[in-house]
Amino acid sequence: MYKSYSYNNMPQPVRTDTPKEPAKQIPVAKPASPALEPQKKQNGITSILDKLQSDDMILLIVIILLLMNDCDDKFLLLALAYVFLSD
């Protein structure tokens, strides 16, 4: 009554369309090497802030807010600092 199929005897679909030509690839210009770009002079603070991502900023804000509210849980502060410093 019912027919079971396995991977080896599955029916194959009938293809009615013809294969299309692959799309032409447009050559992509390579970015200039860092040696050719002018070097940016950065302060220590701006270079640190440029490296921070959004999750690092959120952790830093949470740590600052906890310190401002006189958080007594030193283990929580240490754990958040560890997560912030580990990359």
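I began with the neighbours of Phe 84. Leaving out residues up to four places away in sequence, Phe 84 touches Leu 52, Asp 56, Leu 59, Leu 60 and Ile 63; a contact here means heavy atoms within 4.5 Å.

Before going on, I noted what I'm looking at: this is a predicted model, where local features need pLDDT of at least 70, side-chain atom pairs count only at pLDDT 80 or more, and totals for chains, interfaces and linings use all residues. Residues are numbered from 1 along each chain as its sequence is written, and side-chain values use heavy atoms, with hydrogens and water left out.

Next I asked where Phe 84 sits. I found Phe 84 in helix H3, residues 74-85 (helices are DSSP runs of H or I with at least four residues, strands are runs of E with at least two, and both are numbered from the N terminus). I also looked up the C-alpha atoms of Phe 84 and Leu 59: they are 6.4 Å apart, though 25 residues separate the two along the chain.

Then I turned to the helix pair. The axes of H2 (residues 54-68) and H3 come within 10 Å and cross at roughly 160 degrees (axes are lines fitted to C-alpha atoms, for helices over the stretch in contact, and angles run from 0 to 180 degrees between N-to-C directions). So H2 is roughly antiparallel to H3, a label for angles over 145 degrees. By class, their contact has twelve nonpolar, no polar and one charged residues (Ala, Val, Leu, Ile, Met, Phe, Trp, Tyr, Cys and Pro are nonpolar, Asp, Glu, Lys and Arg charged, the others, Gly among them, polar).

I checked the loop between H2 and H3 too, and Asp 70 is in it. Asp 70 has a positive phi of about 55 degrees although it isn't a glycine. With a relative accessible area of 60%, Asp 70 is exposed.

Of its 87 residues, 7% count as buried.

Key
Parallel < 35°, antiparallel > 145°, perpendicular 65-115°, else oblique. Buried < 20%, exposed > 50% of the residue type's maximum accessible area, 1.4 Å probe, protein only.
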